[in-house]
Structures are given as C-alpha cells and as structure tokens.
Amino acid sequence: MFDLEESPGNIMDMTEGNSLHKSKHDTGSVGNTDDGQKYDSGGVSYDFSCIYSKDLLPAEDGEEATKHFLQELVNILMAHVSKSIKRSSKVLDFHHPHQLKEGLEGFNLELSDQPENLEQILVDCRDTLKYGVKTGHPRFFNQLSTGLDIIGLAGEWLTSTANTNMFTYEISPVFVLMEEVVLRKMHTIIGWKEEDGDGIFCPGGSMSNLYSVLLARFHLFPAVKTHGMSAIPHLALFTSAHSHYSIKKAAAVLGIGSENVVLIRCDERGKMLPSELNARINEAKIKGLVPFYVNATAGTTVYGAFDPLNEIADISEHHGLWMHVDVGHLINYNYHISLMLSMALKAHSVTWNPHKMMCVPLQCSAILVKKKGLLQECNQLCAEYLFQPDKHYDVSYDTGDKSIQCGRHVDIFKLWLMWKAKKKSQLAHPLQGSEGFEAQVNHCLENSEYLYYKLKRRTDFQLVFKGKVAPKIKAKMMEEGFAMISYQPLEDKVNFFRCVFSNPATQREDIDFLLDEIVRLGSEL
Ligand SMILES: Cc1ncc(COP(=O)(O)O)c(C=O)c1O
C-alpha cells in the first residue's frame, strides 16, 4: 500500500470529490496580491472583519467560517506561489530589521493584548509572505534550500493538518510505515543488503551528522551512554577542512570538544588528501588520542567536491575508525552508481538530505545507519508513559526511542508523496534512482555547466584578489530585489560569489540575467 511502486501515483484521485465550496456572502475580501492586484478567489468574498479565531472550529457552527477562512488562506498562498515563479516579480522586497520592526503599511510584528479579527490575521499572512524572500523564484541562487515543489507543498499542508507526532505507531500508524518504506528505498539505492540498514528522519543535515558521531562513539565505547566521557578515552575525529561545520559542532555538543576535530587538508579542488588523513591519524595516536571517526563529504558545501571515498574507507578500515559519508549534493547517474557502491561497501553511516537538491520542503533529512538496532541501543531510554512494551500491536514500530528527540515532526510524508508523484526510471538497474528526481538534479548540473561555459567566454568578469566587490554587489542586488546570490571567502580566496543550483525553476535565461545583473550592479560601484 505504501510502496513506492514503479509508476507515478495519480495525485488527482486523492482529491476527487473534495472541491471547496463557495460562500453566499459577498461583503469584501482580503484577497489581494501584495502588489495590490485582486486575485481570483472564485468570484467570492467573505467578511472576516467581525470574525475571530473563537468563531472557527471547534466552535459550534464554526464550519462555514472555517471553510471560508481556509479558502481565503489558500488564495493568499496561491497568489504567492504564482508570483514566486514569475520572472517579472521581485525575488525579495528588502527592508532592514529596524524597518520591519517599526512596522510597514500596517504590518506590525508586535503582539497585541486583544485578539485581532480574521481579516487582520489574513492580511498578516499575506504581508508575511510579501516581506519574505521568494526562494522558489527562478532567480534565487542563494543558499541552499530552494524551489517550490507543489506536491511537496501539498505534503506539508497535509502534515500540518494531521498534526501528529512520529514517536509512536499508536498515534502515527501511517507515517511510521511510510518512514520505513522510504528508508528501505534509500538503503536499496545505496546498495545495502536486506539485513543491513536502519535510520531515522531528523531536522536537517547537521542533526544527521550529529547522530553519526553519537553512534560511532557509542558503537566503540558503549559505556559512554551511562557513565559519560570520563569513562572513555580522549577521542579524536577527522574531517576535511572543506567539510560542513556541523561535524565540529557535533563534537562540541557531544562533549568531545571541537579542538579534537582534526581538519584534514584538501587539494585545490577541495577534496580531502588521503595521505594527510593517514598522517594525522598517526599523529593523533602518538599524542595519546584515540581516533574513532572519519567524515567524508560527497559534495562539499562550497566547492561541491567529492572526497575520495574508497581511499578514505581503506584508511579508516586500517585504523578501525567509523566512516561516515555526508552526502551534501546528489550527482549524475553514472557517478551516483560508483559513489553509492563505495558507500554501500564501506560506510557505517550516511547523511542524506532531501531538503537540498531533491527540493523537498524544509525540513527533511535522514541519518542512515548500516548496523541494524544500533540507533535503538544508543538512544533508547524506554519511557514508560510512551513506549509501553505490552501494547496490543507490534511495538517495534514505536520507533521514537531511536531518536534523541521525544516529539518528532512528520518530515516523511512530503518526501513519500513527491517520490510517488515522480516519473520512474525505465532502467532495471538495482541502484536506479527515480528518474524524476534524477532529471531534476541533472537539470541543476546542466545549469552549473552552462554558468561555467558562459563565464569562460565573458570578458567583463575577472578574478578579483583584493577588495570587497562581492558584498557590495550583493547588497545592491538585495535592495533592488531582482535576483539573489550568496558570497563568501575561502582560505586564501577573497569573497567570491557562490551560486547554488538546486531550483528546478531556474533556466539558462536566469543565469544570463544573473551575470548581466552582476555586471550592471558592479559597474555602478
Ligand atoms: C555538506 C553539508 N553537510 C551538512 C549540511 C547541513 O545541513 P542542514 O543545513 O540541513 O543542517 C550542509 C549544509 O549546507 C552541507 O552542505
């Protein structure tokens, strides 16, 4: 029933017979787009000025008002969705923090003592979107989660409507099983055997990485769970100088200490140097530290570099370290296969973050663990008010004790729904991805190749070694609001633009626009 079968699911079937009703009232509407245009709300409006939240369900006779309120909200959201995708609209309407705090055209962030009527509440919803950033806009190149996947959006709405918690099967029977199905699919794609593979969804890649360090430490030194750090040796872990800062943060949070994270030098493309890794592990041992973990990044945050996984795996095996792979970016099909194969054979854990290039709405990230049962062993505390062992169903589906959280948001449904809705690959390869996601990722890669091709041919761009050009151009870009891109320095390089491609809406014309915009704004400096 929950299987991600080989044909895209028919989403229409799920909404059949569920059309929204129209109101008899016609006494004014807040249904305006943020540029003052009336948008289509089915030719119907409703007077919300004397209705308050107390009049909505579960109030007696609250159904009509609730229906109209939600319909109006959908109109506001729809107007935002349509605008987000239009090149003629701005990516953002930038204001400084003090301007937003002072209040703009009736948009007031302060909380009043009296309840606001629903007309004001709807205006607040509209204004919240108006003064935010349209991350789904084709000219949003900033980091990192971009794109506006409509099925994902539907998934998020449904999730909030269900408003349940992932900790037990008792209250999330459907979502718990969906998580199992999706995790199994992920294990298959990685190539783990049927008997291997465990995992859990958690709030982001940083949390997934934290889990990996936690699990590695517990695996090697189980006493740490009950007796703490004083019961175990002085540990050291290893990651590349270009890896994400969450590895260092995990060491700090877990009491290992950020100073005990050894940053391994990279080559000029940002890939970890295996010989350096080996040398630094030996060095740590000589200093009396106990090396226990290495993180290899498959798609680093800034360069998108892939660490040499096989060599790193051999070194970690030789020294008896836990190997984690942080999959920062997905890559094209052929590379994907070789990457997945090496992960399958050697990695103990993998971070897979669908809220990045797969464009699943935030948040959605998984920690995948090869050894079954380890997550449970490491984290379970068997709270009797939640995980009673004598429930009348199979309590192995009460997966909440695998988590370091108690309450856990349902992040799985939107991913499951998006996966269902994607076109499936015709290739009968066991490592095949889903063609829909694959095409989406390949489109982003083509965009980045196009940017590289164009940059090489343009004479109005040059390498900058001094100065503060990128921040100044970005500031002007944000104030005008037609595009958005990030910048940063790195090692010996001064600030450079960091262009992120994960938005399926972005086309070549947007890349051309971005380059012209950078030149235009730069020439005005
Ligand atoms: C390689 C890598 N790992 C982990 C993370 C952290 O992910 P999140 O922002 O979901 O916590 C990032 C974010 O940019 C990343 O690039």
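Analyst: **A helix and its cover**

The buried residues of helix α10 are covered by elements including β2, β3, β4 and α11 (309-319). The model is a predicted one, in which local features need pLDDT of at least 70 and side-chain atom pairs count only at pLDDT 80 or more, while totals for chains, interfaces and linings use all residues. Residue numbers run from 1 along each chain as its sequence is written.

Some terms come before the details. Helices (H or I, at least four residues) and strands (E, at least two) are DSSP runs, numbered from the N terminus. A residue is buried if 20 or more other C-beta atoms lie within 10 Å of its own, exposed if 12 or fewer, and partly exposed in between, with C-beta atoms placed from the backbone. Two residues are in contact if these C-beta atoms lie within 7 Å.

Helix α10 comprises residues 274-286, and its 13 residues should span 18 Å at 1.5 Å a residue; the end C-alpha atoms are 19 Å apart, which agrees. The expected span is 1.5 Å times one less than the number of residues.

Which residues of α10 are buried? They are Leu277, Ile281 and Ala284. Because these residues cover an arc of only 65° around the axis, they lie on the same side of α10; the arc is that of the directions from the helix axis to the C-beta atoms. The face turned away from this buried side carries the exposed residues Ser275, Asn282 and Ile286. Just after α10, Gly288 takes a positive phi of about 90°.

Helix α9 (residues 246-253) also has strands beside its buried residues. Ser246, Ile247, Lys248, Ala250 and Ala251 are the buried residues of α9, and they pack against α7, β2 (235-240), β3 (261-264) and β4 (290-298). Just after α9, Gly255 has a positive phi of about 80°.

The loop between β4 and α11 holds Phe306. Why does Phe306 count as buried? Phe306 has 22 C-beta neighbours inside 10 Å, so it is classed as buried. Apart from neighbours within four places in sequence, Phe306 is in contact with Lys271, Ala298 and Gly299. The C-alpha atoms of Phe306 and Asp326, 20 residues apart along the chain, are separated by 10.0 Å.

As for the whole, the protein has 17 helices and nine strands, and 38% of its 525 residues are buried.
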